[in-house]
Amino acid sequence: MTVSTAMQSDIRPLLAKTAGRYREYAPSSALAPHFRCLWSHELLTAGPLAIVPDGYCDLLLVDGRIYVAGPDRTAAFPPIAPGMHVLGARFAPGAGANWLTVPLSEITGLSIPLRDLAPEKAVFLESRLSDCVDGAAARSLFASLLTELARDEREAEPEARLIFAAADSGAGRIRDLQQRLDIGERQLRRRAHHHFGYGIKTLERVRRLQRFMALCRADKSLPLAVLALEAGFSDQAHMTREIADLTTLTPAAMHNQLIGNCPAADRFVQDARNGPASLAQNKGQTDDHNARPYRSHLDR
């Protein structure tokens, strides 16, 4: 499923993190300068899923192969195999470009085998992880191997952390950031493209979406109009337009999923518990033979 087909479909996708068992793990002190978190995801549904943009770049371990998931401008709709397990490492702001030795603007909206970008790192990781089938053991080994690689990696540029923090806080902070870094708008845009894959205005939109989602989780009782203002939208209509552009979903649909009030999610989880036959009945909406594992970035 692509963005355009998702917009036209009567079946709205589930937010990926609400489908299955998603867990985040704090990085060790050695990894913290390089990675925001490690994570695992056991997917319990074959239904259409939306991975919404968050401004980050990830390493993914899928079936013994390492992929790089570049930053997204809009939601991705990957084909999901029932029972798929994914391990991930989310780069800290600005760290991905250093580790991959490529501006993130070159991989925006793409999922690429790590072998195509950093073959030595890929061989080092995959040769040791390919035979590790236990989830907890694989996660521990993945963290240990990344720690070993991190010894030879530069930490993210301080300006990258400042740019991300400014976008995370809103337009007022962006103006202050230009003065603090003593750079013009064009130069700030170029640096944001290098570190995050797109300009700071797009990064601000993506982070505003994430603020909305965090507020939904934090207080289930807030009405949408209040959520809009608290998240930094000018009003509820602005929020509705922007969230639809970024995710194909309405704020109300996202809110219901995030607070656990989603019959569709309950149905897909029940299908997973009933076994592969039930899951197969819901699989038709996700088939896309051209997409990469877990995360496809077509129609970008």
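The count of disulfides comes to zero, a disulfide being a pair of cysteine sulfur atoms within 2.5 Å. This is a predicted model: local features need pLDDT of at least 70, side-chain atom pairs count only at pLDDT 80 or more, and totals for chains, interfaces and linings use all residues. Residues are numbered from 1 along each chain as its sequence is written, and side-chain values use heavy atoms, with hydrogens and water left out.

Cys57 is buried, at 3% relative accessible area, whereas Cys132 is partly exposed, at 23%. Buried means under 20% relative accessible area, exposed over 50%, and partly exposed in between, with a 1.4 Å probe and protein chains only.

Let me turn to the sheet. Six strands form an open sheet in the order S2-S3-S7-S5-S6-S8, with antiparallel pairing. Its edge strands are S2 (21-25) and S8 (111-113), each of which pairs on one side only. Strands (E, at least two residues) and helices (H or I, at least four) are DSSP runs numbered from the N terminus, and two strands pair if DSSP finds at least two bridges between them. Between S2 and S3 (residues 35-42), which run antiparallel, there are five bridges. In one of these, Tyr22 has His41 of S3 as its bridge partner.

Arg90 is buried, with a relative accessible area of 5%. Its contacts (heavy atoms within 4.5 Å), not counting residues up to four places away in sequence, include Lys17, Glu24, Asp54, Cys57 and Asp58.

That brings me to charge. The whole structure holds 15 salt bridges, each a side-chain nitrogen of Lys or Arg within 4 Å of a carboxyl oxygen of Asp or Glu. Lys17 and Glu24 form one, with their closest N and O atoms 3.7 Å apart. Both are partly exposed, Lys17 at 38% and Glu24 at 36%.

Two further pairs concern the helices. Glu159 and Arg191 approach to 2.8 Å, N to O, in a salt bridge. Because Glu159 lies in helix H6 (residues 158-169) and Arg191 in helix H8 (residues 185-196), the pair ties together parts 32 residues apart in sequence. Asp168 and Arg207 meet at 3.0 Å. Asp168 belongs to H6 and Arg207 to helix H9 (residues 200-218), so this pair ties together parts 39 residues apart in sequence. Finally, salt bridges that share partners join Lys17, Glu24, Arg36, Asp54, Asp58 and Arg90 into one network.
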